[in-house]
Amino acid sequence: MPIIHAEGLSKTYRVADKQPGLAGTLRHFLRRRYRDVAAVREVSFAIEPGEIVGFLGPNGAGKTTTMKMLSGLIHPSAGRLEVAGFLPQRRQPDFLRSITLVMGQKQQLIWDLPPLDSLRVNAAVYGIDDTEARRRIDELADMLELGEELTRPVRKLSLGQRMKAELLAALLHRPAVLFLDEPSLGLDVNAQARVRSFLADYNRRYGATVLLTSHYLADITALCPRVLLIHQGGLFHDGSLRELSDRLVPCRQVRLELREPLPAAAFASYGELESCDGRDVRLLIRRDRLTGSVARLLAELEVNDLEVSDPPIEELIGRLFHQGAVP
Amino acid sequence: MSSGRLRLARVLLGSQVATMIEYRAEIALWALSGVLPFIMLGLWSQVEGSTGAAGGVDGGAGIGLDRLQLARYFLSAFVVRQFTIAWVVFAFEEDSLQGRLSPYLLQPLPPLWRYVAAHLAEQATRAPFVAAIAALFFLLQPWALWLPTPQRAGAALLATILAFTMNFLLQSCIACLCFWSERASALERLLSIPLLFLSGLVAPLETFPPGVRAAAQWTPFPWMIHFPAQLLAGGSVSLAQGFAAMAAWIAVLLPLCLGLWRLGVRRYSAMGA
């Protein structure tokens with residue numbers, strides 16, 4: 001039975017429409033005009049307990065709005081929603097105890113005090129006794145490699161240390177469902193890797209369900225066997241990254257190392273030329289023509305080395321977002 | 001109260017006191033900035049001196065209060081003001097604009113309790129500075145020293161707690177307007193004018209013309225400063241009328257605040273967070 005179930009989920013915002021300049025300001029003051037913006041349109045999906053699902057989409061696609069509806073912060077305009085057996089928008093205490101929402105750009109830790117003070121408050125808010133709270137803090141701190149940082153004022157911590165402390169605070173009550181909105185935003189590569197391995201570890205240890213948005217596709221590829229791709233408010237893809245890759249570009253990438261450099265025009269008949277840098281060439285070739293094209297390349301050109309791979313998912317999704325249209 | 005709630009109150013207060021201690025210098029300056037009653041004491045003493053019997057300790061009744069009564073009243077007004085100040089509208093507005101409200105709404109604790117704890121913690125941090133200023137006052141004006149009777153002190157304490165409750169609820173109602181307007185604090189600034197003049201901070205209500213005084217008593221302001229201050233100073237006040245007025249205002253403001261909060265959160269949820 002799914003722990004998260006969304007059916008026809010939609011959210012429309014009414015926003016004021018104001019033209020620039022003094023005339024626009026006066027018109028806006030005297031006769032305000034509004035327009036409806038559909039942030040999320042009829043999105044449906046179900047997530048089983050223990051799954052880690054990546055939530056992808058360009059800025060403004062509706063990811064955060066969906067996360068906020070799932071966590072109960074905002075009401076859906078239409079559709080049905082159930083999380084951990086609750087209607088999120090009612091924000092019942094038992095529901096709030098079973099979820100957490102981490103937003104990379106927002107913080108819940110008390111800025112002037114060490115994280116331990118915020119953790120003590122959270123333990124009291126969630127009714128976790130002192131002994132159990134201490135045990136959980138030790139366990140999570142160990143998983144996150146946090147030590148003396150917990151006794152240093154939050155304002156003195158680095159961004160990475162702060163994010164790890166935020167995660168600890170958000171998970172102290174051991175929620176069954178984690179909504180993580182850009183938890184690794186702004187972190188360096190090492191800190192991102194640490195957060196990733198922590199999330200994988202946490203999911204394995206507690207069987208928590210995770211819905212994760214990240215602009216770093218390394219987070220998604222490392223953690224999420226399944227991704228939801230939201231685009232212009234609608235759900236574009238629900239499946240594996242590989243399926244997404246096939247769907248976005250039904251091509252394979254062929255890397256060639258030639259014996260001698262050739263002009264770009266020489267590759268036109270084999271596929272789409274991605275790059276041609278001296279003797280190193282990258283081509284995109286449709287899968288249905290891959291065998292024939294590779295055979296021709298080897299027969300017709302002087303090739304030192306040849307490698308067939310999937311194009312990087314970052315490039316495919318980036319291209320989709322950049323084009324602003326789906327195939 | 002269950003042990004879990006007691007522990008929550010203790011931990012919440014503890015963390016807020018620790019935060020306020022980080023800002024002790026700022027809080028000391030806030031306490032110092034509340035010396036308006038002493039300035040008014042200086043002015044009213046001059047008036048009393050010119051209309052009364054040459055400014056003696058017990059001379060003159062031109063403004064209805066002698067110099068001793070004025071000194072004790074304005075010191076009491078200072079102390080009461082220090083422990084009834086509410087700034088929830090500013091804190092809430094900032095939390096709302098900075099997006100800190102969202103994490104609060106996702107915890108099984110109504111966010112208003114955090115602000116209550118923050119205010120109580122701030123008062124606890126402010127107390128030593130208030131005591132120091134009061135001690136300095138008595139050092140400079142030893143003739144004004146007095147000790148209220150235990151009954152008066154108890155009644156004044158209760159009235160101060162109720163006055164803080166009124167002020168906190170009034171400001172919380174305005175804070176809830178942040179759900180509709182990004183700058184609800186502007187309204188609070190508007191309220192500061194009647195608070196200043198009708199509460200008794202600038203002048204004891206006894207100095208008001210009878211009509212103005214009667215009209216002021218229909219507003220919440222005199223009960224926030226004048227009534228508890230007169231209780232502490234040993235002035236003549238009607239206990240029954242004062243506590244009944246405070247209870248009535250709390251009975252109006254509490255449901256209004258809760259209603260506005262519920263409506264506001266519903267709007268916040270509907271319009272986006």
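In chain A, 71% of the contacts with a separation of 6 or more join residues 24 or more positions apart; a contact means C-beta atoms, placed from the backbone, within 7 Å. This is a predicted model, where local features need pLDDT of at least 70, side-chain atom pairs count only at pLDDT 80 or more, and totals for chains, interfaces and linings use all residues. Residues are numbered from 1 along each chain as its sequence is written, while chains are lettered from A and ligands numbered from 1 in the order in which they are written.

| Property of chain A | Value |
|---|---|
| Secondary structure | eleven helices and 13 strands |
| C-alpha trace along principal axes | about 75 × 60 × 45 Å |
| Buried share of 327 residues | 39% |

Helices (H or I, at least four residues) and strands (E, at least two) are DSSP runs, numbered from the N terminus. Buried means 20 or more other C-beta atoms within 10 Å of the residue's own, with C-beta atoms placed from the backbone.

A nonpolar core is a set of buried Ala, Val, Leu, Ile, Met, Phe, Trp, Tyr and Cys residues joined through C-beta atoms within 7 Å. The largest has 138 residues. Among those with the most contacts inside it are A:Val53, A:Leu168 and B:Phe74. Helix H8 (residues 150-176) of chain B gives the most to this core, 14 residues. Another core, of ten residues, lies apart and includes A:Leu256 and A:Tyr270.

Between the chains, 23 residues of chain A contact 23 of chain B. H4(A) supplies the largest share of chain A's side, five residues.

Conventions: Contact = placed C-beta atoms within 7 Å. Buried ≥ 20, exposed ≤ 12 C-beta atoms within 10 Å, placed from the backbone.
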